[in-house]
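Open the model in your viewer and keep the sequence panel beside it. This tour tells you what to select at each stop and what is there.

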Amino acid sequence: MGTRRHPQHSGSTRTTALALTVVGAVMAPAAPAFAAGPPVVDLRADVNRDGKVDVSGTSDNAGEDTWTPARGAVFLPNIDDDTRRCPVKTPTGKPLSDAKLAACNDGSDNIVNGSTDLADLARVRSLPMAAVPAGATGTVRVDGGRRTRVFVKRPGGWAMVTPATRLTAAELRAGVEFGVEGNDVIRDTKVWDGRAVIRLTVTAGGRSTSDEITLRVAPLLTHHHLQNAQQVMVTKVPGNDDWARRQQAFVKGLGTEARAAGIGTPLITFDRYQDIWAQDFVEPAYVSMTGPGGRRHVMRVMLRSAQPDREAGRELFEKLRGSGVGVVQVSGVRDSEEWTLNSMGNLETIPPYTHGGRSYPAGRIIQGERKDIGSKPARAMRTLLKSQGLQDPLLLDTSWLHVGHVDEFVQFLPADTPRGWRIGVADPEAGLRLLREAREAGHGGTRMFSVPGSKDVPAPRETIDQALASRYLVQDNRMAAQRIRANLEILKRETGVTDAEVVRVPALYTRGSEEGERGDTMMPRLKRMGAGEIPVPDSVREYGQQKELRLHRDGRRAAGPEPVMTSAYVPGAVNGVLLGRDRYLAPRQWGPVINGRDVFTESVTAAYAQAGMKVSYIDDWYTYHLGAGEVHCGTNTLRDASAAWWRSS
């Protein structure tokens, strides 16, 4: 029977602390135990991942006692809330703690919560044992048991296997159906590698025979850009002041652009905590196994950022968790770990690839680190991501950026090429070239930015000549170009991407001010561009301050000059959102207008057009750009995860 082990038998009934044992009524007069030799115990699961348990053939036999990314039975971490039974407040109306919010899900109780919950259980079946004697009983042992629950199907419904339950001879003769769920994702393979070994032992007359099968909990995976966008998320702030009206206009425009790209599902709007950086407090992810008919059964999982003091992550539990949607958060984040690096804008995913003998059929995660001070994203999050076994995170150097997120300079775009995707990177040298060409053509006196002002906020007054003559702009962008090239070389080495597969998008970066100020990101940049004070809600201003580096904390900064750290000067075009395979939404450039045309908009549009992308633009100047973020930072997407994660196509 393939690699199935021979039935085991012994002269005495086995007992173990992990055994789950059950006795039933005698259904027929006693017969000699195993008179003709022990019957074969045969457990089956969906080892070949075709959506059914093969009980008539042998397609699920090979490899049933092992597990690889390509083959082996899968079960889900059942962490959604199909009946929305999980509370978000105490009986007295007080908010639950983060730990208590996360403790409740469908896998935390001992019942099957209706038909939708039943669909989340992986099936295991025992082949009918027609020759089993009347006095036989069955026991089930689960290794990995405290993270795995097994239910047995009985005439009265599905019952959790407990030490008080036994399988009867009648059930064994008919064949038993089990349902398997996990109550968590893999957090650390050193603690639990996700495997559950289920053993069925049949005992009669003091003799036993058994079989076992291995399953593994589905890996938690992040989305990549070859998966089509299905829904867009954004924060919507209340109010009627100028800033709030601008942000509400952004949300309205985003909805229009999503519909134009063919996304019919309405926006998900966060509205409880006014954290406008919807990219940063959550990373949409998923788990899946094959369901009936070979279709993927997908559960969305909202991965909360490893920022315990960031309240916006609570809305994932309060608003999104429900049928088919779970939430995961990590614990044990140390105070010394860099707060900004733990934002999810610092987590993106390379699409699937194979290179250098290594394959990533579900894509590969990238994150930024600050190599200058040895600071990385939280160890607990990195351990969780690596422990999934498929998207081993690759670290890039973002120490040259104020906020330090990878989405500030790199992206991945679908392509009709053998690889199926390209890399998009910000190109500061192209940005400088645009300004120099404009100056040489006699347009140095043209305003650097065409964004209009208002009665409360004057328009920026800086000219192209003034920008190029400023103390740091050219120097900072040469540095930025060098750092981007170094990161691109890492990506090329790891993926095999060639220069011909790189889309270079004009960009410019700047430090906080002429004096290299730290502190609040927004105001120094506004003042440098000649704008007045902009009324910004305290919650947004405080978050802008939190995003800043804690350079001197714990004495990690070595003595010497402060490092140069930058953010987007012209709105960062690569920090947009991919709405369709060929539809890209970028921040409106508001660059110099020469002969009636915005030179940055023209150049950005041309760069994406060469990659087969149609670009539309949305204004984020006052709402996101001046807060050191752009369209991508303020949005998020749920994507189609129906493809099998264990193969690239």
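Which residues of helix α6 (residues 379-387) are buried? Select M381, L384, L385 and S387. Buried means under 20% relative accessible area, exposed over 50%, and partly exposed in between, with a 1.4 Å probe and protein chains only. Helices (H or I, at least four residues) and strands (E, at least two) are DSSP runs, numbered from the N terminus.

Before going on, note that this is a predicted model: local features need pLDDT of at least 70, side-chain atom pairs count only at pLDDT 80 or more, and totals for chains, interfaces and linings use all residues. Residues are numbered from 1 along each chain as its sequence is written, and side-chain values use heavy atoms, with hydrogens and water left out.

**Stop 1: around α6**

Look down the axis of α6. The arc is that of the directions from the helix axis to the C-beta atoms. Now show what covers these residues: the cover includes β10 (207-217), β15 (296-304), β16 (325-328), β17 (347-350) and β20 (364-369). Just after α6, select G389, which takes a positive phi of about 85°.

Stay in this part of the sequence for two salt bridges. A salt bridge is a side-chain nitrogen of Lys or Arg within 4 Å of a carboxyl oxygen of Asp or Glu. D392 pairs with K386, with the closest N and O atoms 3.1 Å apart. E369 pairs with K376, and there the closest N and O atoms are 3.4 Å apart. E369 counts as buried at 10% relative accessibility, whereas K376 is partly exposed at 32%.

**Stop 2**

Select D476 and R511. They form a salt bridge, their closest N and O atoms being 2.5 Å apart. D476 lies in helix α9 (residues 473-495) and R511 in the loop between β25 (509-510) and α10 (522-528), so the pair ties together parts that are 35 residues apart in sequence. D476 is buried, at 1% relative accessible area. R511 is buried too, at 9%.

For a network, select D98, R272, R304, R314 and E318; salt bridges that share partners join them into one. The salt bridge count comes to 31.

Return to α9 itself. It has 23 residues and reaches 32 Å from its first C-alpha to its last, close to the 33 Å expected at 1.5 Å a residue. The expected span is 1.5 Å times one less than the number of residues. G496 follows α9, with a positive phi near 90°.

**Stop 3: the cores**

Select V124, F178, I198 and W645. They have the most contacts inside the largest nonpolar core, which has 64 residues. A nonpolar core is a set of buried Ala, Val, Leu, Ile, Met, Phe, Trp, Tyr and Cys residues joined through side-chain atoms within 4.5 Å. Strand β9 (residues 195-204) gives the most to this core, with five residues.

Center on W645. Leaving aside neighbours within four places in sequence, its contacts include R49, W67, P69, Y286 and L390. Contact means heavy atoms within 4.5 Å. A second, separate core has 38 residues, including Y353, A426, A507 and A611.

**Stop 4: α12**

Helix α12 (residues 599-610) has 12 residues and spans 17 Å from first C-alpha to last, close to the expected 16 Å. Color V599, F600, V604, A607 and Y608, the buried residues of α12. They cover an arc of only 155° around the axis, which puts them on the same side of α12. At the start of α12, a side-chain oxygen of D598 reaches to within 3.0 Å of the backbone nitrogen of F600. Just after α12, G612 has a positive phi of about 80°.

**Stop 5**

Most residues other than glycine have a negative phi. R84 has a positive phi of about 50° although it is not a glycine. Find R84 in the loop between β3 (73-75) and α1 (98-103). R84 is exposed, with 52% relative accessible area. A628 also has a positive phi, near 70°. Look for A628 in the loop between β31 (614-618) and β32 (635-639). A628 is buried, at 9%.

**Last view: the whole chain**

Zoom out. The protein has 12 helices and 32 strands. Of its 649 residues, 59% are buried.

Notes
A polar contact is a pair of N or O atoms within 3.5 Å; within protein, one must be able to donate a hydrogen and the other to accept it, and residues adjacent in sequence count only if both atoms are side-chain atoms.
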